[in-house]
Amino acid sequence: MKYIDLRELEIIVNREHPSWKNDVVEARKKVAKAILNARKEAVKERGKGKKIDLVQVSKKARNNSVSKQSHIWKGFKTIFEEYSASKCWTCESIENRSDNPVDHFRPKNNVEECSSHSGYWWLAFDWKNFRFSCTYCNSRRIFDNSEGGKHDHFPVFEPPGWKIKPHIDINERPLLIDPTEIDDVCDPLIMFSATGEALPVAKDIESDDYKRAEKSIYLYHLNHSDTSRARDVLRQQVDIKVKLVNTLIEQGLDLKSESIKELRTELVRMIRHRCKTSQFTSAAREYLTYYEKISWVSQLLRLSE
């Protein structure tokens, strides 16, 4: 998982999508109007003797209206996609078959882990709550050998629990790893085995780091069989290229020879996140670090930082 710098991204958003603030204002007006109209109708029905819960009426009207304003978050898709070189912010895959939705990190209408939570509706149009995600990480899916997908899940440590309303002063502690949080990414909580499996770095199963990694691996569906297999293939490719370079050097070729230069370039592409043709670059970098004691490999690792 690579760090997504929201401050850097904000500059791009304001340049490439200057109308977003006005769009959000209009969307919020439509939601407020929908709630007001729904409550007016409910009051009329109450006057006829019907038992109606105005809170539930407002919630339903708000959720329906928010969902109708999906153009707000969809409007950021191209910017987010270009910023991450078409890679999912969570698993770093390039999934051409996926519609790569823009996900709400904090769910807008519902929280699976908290039945009393109405969703983070106040963040529904906040672009800093949006994440560029592949379908496998975002949508709930169950297969024979794996299941996952974030959907409306948002687990947190209890206490303190969830922020139920915008004015409540609670410092939430999300269990899910967030690519926009520098501490979550710069000190990785997830590692990859030689067979491509995502695993917690922490060994203590009672530690917060272990729990966060385990929950993130599950809900982001990081060990979907195709994904793990792709990382396994990537590890094999790294091994082959490194060993081939070493063999050529042993045969007397200079490090700057065209054949070796091409292999080194291919390795850099595999570990460079901004490369549009490479996916799972964090895993590729981890596999290349197996050989970091080799001087020319350590140079490549520094080059791609």
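What share of the 305 residues in this chain is buried? It comes to 49%. Just so everyone knows, this is a predicted model.

Okay, the overall picture. The chain has 12 helices and 6 strands, and the C-alpha trace runs about 95 × 45 × 35 Å along its principal axes. If you take contacts with a separation of 6 or more, 67% of them are between residues 24 or more positions apart.

Now the inside. The largest nonpolar core has 47 residues, and the ones touching the most other members are Phe154, Ile190, Leu222, Val242, Leu267 and Leu288. Several elements each put in at least two residues, including β5 (190-192), α8, α9 and α11 (281-288). The top contributor is α10, which gives 6 residues.

Let's zoom in on Leu288. Leaving out residues up to four places away in sequence, Leu288 touches Val238, Val242, Leu267, Ile271, Val297 and Leu301. There's also a second, separate core of 24 residues, with Leu9, Val31, Phe76 and Trp127 among them.

Last stop, His224. You'll find this one in the loop between α8 (208-219) and α9 (225-250). Is His224 buried or exposed? Buried, because its relative accessible area is 5%, and the cut-off for buried is under 20%. And if you're wondering about Ser67, which is 157 residues away along the chain, its C-alpha is 29 Å from that of His224.

How values were computed
Residues numbered from 1 in each chain as written. Predicted model: local features only at pLDDT ≥ 70, side-chain atom pairs only at ≥ 80, totals over all residues. Heavy atoms only, no water. Helix = DSSP H or I, 4+ residues; strand = E, 2+ residues; numbered from the N terminus. Buried < 20%, exposed > 50% of the residue type's maximum accessible area, 1.4 Å probe, protein only. Contact = heavy atoms within 4.5 Å. Core = buried A, V, L, I, M, F, W, Y, C linked by side-chain atoms within 4.5 Å.
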